[in-house]
Amino acid sequence: MHTQDLLAADTGMGAVTLRVADLDRMTAFYRDGVRLTMLSNAGGVAVLGRGTTPIVVLEHAPELRHAGAHEAGLFHTAILFDTRADLAAALYSVATQYPQAFTGSADHLVSNAFYFTDPEGNGVELYWDRDRTEWSWTHGMVDMATIHVDPNAFLQEHLTSSALESAATAPGRVGHVHLSVGDVASAKAFYVDQLGFATTAGWGEALFVSAGGYHHHMAMNTWNSRGAGRRQLALGLGLVRIEVPGTDDLGALVARMHDTGVQTADDGRTVAFEDPWANRIEVTAPGRG
């Protein structure tokens, strides 16, 4: 792809919105388990994050049904921590408060990751990145693997009392968002050829994409959702946010989407559109609106 067809190098991910049936229960998981801070809570919408950075937006929607196990939607929201001690504190908190939520762990070569499922079935990844100088690339693709990590050994090595005490205030943000989709070819056509991410890894049923040489800002797989069609309104994923560094970058993205036939809506603050499975994406830039 030409450089002008790519998202800006400093592109990142914003807060993920989840539609939830039990707002109190879900708030407790992200606040007391993951140790996010309540940033606002009004009108059936709870925003939780770290510092002033929103990470999860919970929208109360008890009238909606749960999505089927094989439908498209969220695979997991991945929360990135600055240090292994911060990751260990979050891991310890979720594991002690919600022990049944734990689903696995991995050394991905570029990162250490621990996986959970929230009380309404949404996947959550908590992770820490190795320095980029330690990542390996082969023919333009980042080398990643899935090597088991013993969570107890990780805690013994990295958990500190100071990290536990400051867990709710230590930095954190959405590092990447992983989706369940109907097919990888359509995902690549949309997220790479139209939206402007670059492919960083992929094998068979999964695709990883990023801006600026990150290992991945988004991923899509068909492990549970092969052949899934457009989503119906349901509990679960409500909105994926992407943040580009400047208004010119947002303008270039809008032009690219229009040129490739993607309909967008612009309210003066954000530009919104849907992927082929009706996952809603919003893109914004600092200082806009």
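Where is the place of Thr-200? I looked it up and found Thr-200 in strand S13. Helices here are DSSP runs of H or I with at least four residues, strands are runs of E with at least two, and both are numbered from the N terminus.

**Ground rules**

I noted that this is a predicted model, where local features need pLDDT of at least 70, side-chain atom pairs count only at pLDDT 80 or more, and totals for chains, interfaces and linings use all residues. Residues are numbered from 1 along each chain as its sequence is written, and side-chain values use heavy atoms, with hydrogens and water left out.

**Thr-200**

Thr-200 counts as buried because its relative accessibility is 3% (buried means under 20% relative accessible area, exposed over 50%, partly exposed in between, with a 1.4 Å probe and protein chains only). I then listed its contacts (heavy atoms within 4.5 Å). Leaving aside neighbours within four places in sequence, Thr-200 is in contact with residues including Trp-137, Phe-208, Tyr-214 and His-216. I also checked Asp-143: it sits 57 residues from Thr-200 along the chain, with 8.9 Å between their C-alpha atoms.

**The sheet**

Next I traced an open sheet of eight strands, in the order S7-S8-S9-S6-S12-S15-S14-S13, with mixed pairing (two strands pair if DSSP finds at least two bridges between them). Strands S7 (102-107) and S13 (198-203) stand at the edges with a single partner strand each, so one side of each has no neighbour in the sheet. My reminder to myself: strands of a sheet pair through backbone hydrogen bonds, either parallel or antiparallel. S6 and S9 pair in the parallel sense over five bridges. Leu-80 stands opposite Tyr-127 in S9.

**Helix H2**

How far apart are the end C-alpha atoms of helix H2? They are 20 Å apart, which agrees with the 20 Å that its 14 residues (84-97) should span at 1.5 Å a residue. The expected span is 1.5 Å times one less than the number of residues. Among the buried residues of H2 I found Asp-86, Leu-87, Leu-91 and Val-94. The buried residues of H2 pack against several elements, including helix H1 (23-33), strand S6 (73-81) and helix H3 (151-158).

**Cores**

I looked up the largest nonpolar core, which has 66 residues (a nonpolar core is a set of buried Ala, Val, Leu, Ile, Met, Phe, Trp, Tyr and Cys residues joined through side-chain atoms within 4.5 Å). Tyr-30, Leu-58, Leu-126, Leu-195, Met-218 and Phe-273 touch the most other members. A second, separate core of 15 residues includes Ala-78, Ala-106, Ala-113 and Tyr-127.

**Ser-225**

I found Ser-225 in the loop between strand S15 (218-221) and strand S16 (236-243). Is Ser-225 buried or exposed? Ser-225 counts as buried, because its relative accessibility is 0%. A polar atom of the Ser-225 side chain lies 2.6 Å from the backbone oxygen of Val-181. Not counting residues up to four places away in sequence, Ser-225 touches His-70, Glu-71, Ala-72, Ser-180, Val-181 and Gly-182.

**Two phi angles**

Most residues other than glycine have a negative phi, and most peptide bonds are trans. Arg-35 is not a glycine, yet I found a positive phi of about 70°. Arg-35 lies in the loop between H1 and strand S3 (37-42) and counts as partly exposed at 23% relative accessibility. His-139 also has a positive phi, of about 55°. His-139 lies in the loop between strand S10 (137-138) and strand S11 (141-142) and is exposed, with a relative accessible area of 80%.

How values were computed
Polar contact = N/O pair within 3.5 Å; in protein donor to acceptor, adjacent residues only side chain to side chain.
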